[in-house]
Amino acid sequence: MSIKNRLLALIWRKNRTARKPPVPKLTPEIWRYLERLPKAEIHLHFEGAVSAPVILELGRKYGVQSIRTLSDAEWRLYFSNARMFFENFLYVSSLFQEADDFHHAAADLGRRLLRENIRYVELTLAPYKFMRSGIPYQEIIGAIDAGLCEATNGMVDHRYIIDIVRDLGPVIGMEMIREVEKHPVERVVGIGLGGGENFPPEDSAAIFEYAGAIGLRKTAHAGEGRGPDSVWGAIRALKVERIDHGVRSREDPTLVEYLAENQIPLNLCPTSNVMLGVIPGLEEHPFRYYHERGIPVNTGTDDPAFFKVSLTEELGKLIHYLGFRPEEIPALIENAIQASFLESSAKQALLTRFQNETRPLMREGSLSGGA
Ligand SMILES: [Zn+2]
């Protein structure tokens with residue numbers, strides 16, 4: 001650890017309680033309503049959802065000197081800028097050394113999804129870095145799948161998006177997609193584009209074309225680190241069906257119009273955007289702006305272990321900071337289901353179940369009133 005990071009660690013340990021983002025102030029009735037709503041999330045990274053207790057267990061298992069207490073593990077989830085976030089994100093990933101570690105972390109995640117009444121999740125995973133340390137792709141997916149299924153007992157349906165990290169270059173990206181093709185897994189339904197947006201989407205066009213030809217659905221992170229050009233690139237060069245973030249799309253009114261006209265979903269993560277400095281504060285987040293222009297927006301937590309946010313809290317923030325009425329929230333969850341890469345019959349069944357369960361709760365939501 002560098003001297004600067006040692007100093008940051010000392011400061012962090014002193015002010016630990018002040019480091020959590022504020023939890024919105026809502027009435028107990030509204031919290032109860034949000035907790036009871038069945039939910040779906042399609043912008044969630046496996047690597048960003050590894051909790052501090054799991055980090056601690058992995059640290060102890062492999063005798064990592066710098067991870068001996070829960071506080072050590074929590075420090076690995078702290079960041080003061082985007083660079084530190086990416087460094088810690090990769091550090092947490094580096095703790096995974098065998099398939100059982102994935103099983104364990106996935107089971108921990110599954111239990112949290114269940115507690116939050118999340119019924120469907122699309123989990124993004126960038127397996128290449130793990131494969132490079134010698135864990136085969138099929139073992140990684142198999143272990144995560146077993147962990148999730150066991151912990152949720154089939155109560156949380158899930159699918160996977162394989163993330164292509166653009167920083168690694170198109171050759172490795174293509175290698176990754178051929179690995180996915182070689183080991184077909186029913187729940188692996190899509191391909192995503194992650195990593196630094198200074199590598200334009202156009203670089204990955206051939207990978208996405210290939211992914212489409214082998215039946216994978218397509219999404220990409222765009223319009224977060226860079227502006228509308230990146231979103232346009234994802235749409236035109238990669239032919240994505242939806243955008244992860246796209247929060248900076250409003251810088252180009254023609255793009256906003258295009259997204260609305262073509263009903264291209266934006267998987268927005270307000271807390272992530274604020275914590276990584278993309279948006280100055282939650283009150284300024286353009287979530288409602290896009291919603292009012294007819295773009296199908298949904299809410300995700302992105303990397304909840306780092307951003308210290310649950311999906312329920314994220315939905316609460318829409319009410320508290322952006323003036324959504326509680327009874328408007330189910331439509332946003334429904335947007336996530338609609339934008340999901342579920343096969344059409346499974347999607348229809350999930351939607352019907354969701355609407356049947358939500359209708360009586362919505363009456364409760366409207367009685368609770370706004371916040
Ligand atoms: Zn993301």
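Where is Ser-133 found in this chain? Ser-133 sits in the loop between helix H7, residues 128-132, and helix H8, where helices (H or I, at least four residues) and strands (E, at least two) are DSSP runs numbered from the N terminus. At 53% relative accessibility, Ser-133 counts as exposed, given that buried means under 20% relative accessible area, exposed over 50%, and partly exposed in between, with a 1.4 Å probe and protein chains only. Ser-133 and Gln-97 are 36 residues apart in sequence, and their C-alpha atoms are 7.4 Å apart in space.

Before I go on, a word on how to read all this. The model is a predicted one, in which local features need pLDDT of at least 70 and side-chain atom pairs count only at pLDDT 80 or more, while totals for chains, interfaces and linings use all residues. Residues are numbered from 1 along each chain as its sequence is written, and side-chain values use heavy atoms, with hydrogens and water left out.

Helix H8, residues 137-152, packs against helix H6, residues 99-115, at an angle of about 35°, with the two axes 7 Å apart; the axes are lines fitted to C-alpha atoms, for helices over the stretch in contact, and angles run from 0 to 180 degrees between N-to-C directions. On the H6 side the contact (heavy atoms within 4.5 Å) is made by residues including Ala-99, Phe-102, Ala-106 and Gly-110, and on the H8 side by residues including Ile-140, Ala-143, Ile-144 and Gly-147. The residues of this contact divide into twelve nonpolar, four polar and three charged, where Ala, Val, Leu, Ile, Met, Phe, Trp, Tyr, Cys and Pro count as nonpolar, Asp, Glu, Lys and Arg as charged, and the others, Gly among them, as polar.

Next, the aromatic residues. The structure holds 16 aromatic pairs, a pair being rings of Phe, Tyr and Trp (its six-membered ring) with centres within 6.5 Å, and planes under 30 degrees apart count as stacked, over 60 as edge-to-face and the rest as tilted. Trp-75 and Tyr-78 form a stacked pair, at 5.5 Å centre to centre and with 25° between the planes, and both of these residues are buried. Elsewhere, Phe-79, Phe-85, Phe-86, Phe-89, Phe-306 and Phe-307 form one aromatic cluster.

Is Ser-340 buried or exposed? Ser-340 counts as buried, because its relative accessibility is 1%, and, leaving aside neighbours within four places in sequence, Ser-340 is in contact with Ile-42, Tyr-120, Glu-122, Arg-217, Arg-242 and Lys-347.

Gly-192, in strand S4 (residues 188-194), is likewise buried, at 1% relative accessibility. Apart from neighbours within four places in sequence, Gly-192 is in contact with Ile-161, Ile-162, Asp-163, Ile-164, Phe-208 and Thr-219.

I would also point to two backbone details. Gln-263 has a positive phi of about 50° although it is not a glycine; this residue lies in the loop between helix H12 (253-261) and strand S7 (266-268) and is partly exposed, at 46% relative accessibility. Lys-308, a residue other than glycine, has a positive phi near 50°, and Lys-308 is found in the loop between helix H15 (304-307) and helix H16 (311-322), where it is partly exposed, with a relative accessible area of 32%.

Finally, Tyr-62, in the loop between helix H3 (52-61) and helix H4 (70-75), counts as partly exposed at 24% relative accessibility. Beyond neighbours within four places in sequence, Tyr-62 is in contact with Leu-95, Gln-97, Glu-98 and Asp-101, and Gln-97 is the residue whose C-alpha atom lies 7.4 Å from that of Ser-133.
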